[in-house]
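Please look over the sequence and the structure below before reading on.

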Amino acid sequence: MASTKGYLDYVLEQLSGLDEITYRAMMGEYILYYRGRIIGGIYDDRLLVKPVKSAAAMMPDAVHELPYEGAKPMLLVDALDDRAFLTALFEAMYPELPTPKKKK
């Protein structure tokens, strides 16, 4: 099942307090970027983020879910209605995210 544009729009609205949130559509899903770094994505209308230490600390009871078959588990974000939490989560995660690889 692919994610809906409506769900993407809702998540982006909830993250509207952050600058530099972008996304890329990929195979019916959406990869989310924060300040140029991949932070997670929307898969089957679920917001999943990379399982970095700060995310695990802020969501100790978060469920690990697969975004798609064969992928590494990610953390399910279920507090979508809490803009302040989402903003704090993304800001806390940013320093732990890998920098993008240079294109040749």
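In this predicted model, 42% of the 104 residues of the protein count as buried. A compact globule of 104 residues would have a radius of gyration near 13 Å, and the protein, with 13 Å, agrees with that expectation.

**Overall fold**

- The protein is built from three helices and six strands, and along the sequence these elements follow the pattern α-β-β-β-β-α-β-β-α.
- Taken along the principal axes, the box that the C-alpha atoms of the protein fill is roughly 35 × 30 × 25 Å.
- When contacts between residues at least 6 apart in sequence are considered, 52% of them join residues that are at least 24 apart.

**Largest pocket**

- The largest pocket has a volume of about 460 Å³, and of the 18 residues that line it, I31, Y43, P67, Y68 and M74 are the closest to its centre.
- The elements that give two or more residues to the lining of the largest pocket are β1 (21–26), β2 (29–34) and β3 (37–42), with β2 giving the most, namely three residues.
- By residue class, the lining of the largest pocket divides into twelve nonpolar, one polar and five charged residues.

**Second largest pocket**

- The second largest pocket has a volume of about 190 Å³, and the residues that line this pocket include R24, Y33, G36, R37, I38 and K50.
- Also among the residues lining the second largest pocket are L97, P98, T99, P100, K101 and K103.
- The lining of the second largest pocket divides into five nonpolar, two polar and five charged residues.

**S3 and its surroundings**

- S3 is placed in the segment before α1 (5–14), and because its relative accessible area is 9%, which is under the 20% cut-off, S3 counts as buried.
- A polar atom of the side chain of S3 lies 3.0 Å from the backbone nitrogen of D44, and a polar atom of the side chain of S3 likewise lies 3.0 Å from the backbone nitrogen of D45.
- Which residues is S3 in contact with, once its neighbours within four places in sequence are left aside? They are G28, E29, Y30, I42, Y43, D44 and D45.
- One of these contacts of S3, Y43, is also listed among the residues closest to the centre of the largest pocket.

Note on methods
Residues are numbered from 1 along each chain as its sequence is written. This is a predicted model: local features need pLDDT of at least 70, side-chain atom pairs count only at pLDDT 80 or more; totals for chains, interfaces and linings use all residues. Side-chain values use heavy atoms; hydrogens and water are left out. On a 1 Å grid over the protein atoms alone, a cavity is a set of points where a 1.4 Å probe fits but cannot get out, and a pocket is an open set with protein on both sides within 12 Å along at least five of seven lines; lining residues have an atom within 4 Å of a point. Grid points are joined across faces, edges and corners, and a volume is the space filled by probe spheres set on the points. Helices (H or I, at least four residues) and strands (E, at least two) are DSSP runs, numbered from the N terminus. Ala, Val, Leu, Ile, Met, Phe, Trp, Tyr, Cys and Pro count as nonpolar, Asp, Glu, Lys and Arg as charged, and the others, Gly among them, as polar. Buried means under 20% relative accessible area, exposed over 50%, partly exposed in between (1.4 Å probe, protein chains only). A polar contact is a pair of N or O atoms within 3.5 Å; within protein, one must be able to donate a hydrogen and the other to accept it, and residues adjacent in sequence count only if both atoms are side-chain atoms. Contact means heavy atoms within 4.5 Å. The radius of gyration is taken over C-alpha atoms; the globule rule is 2.2 Å times the number of residues to the power 0.38.
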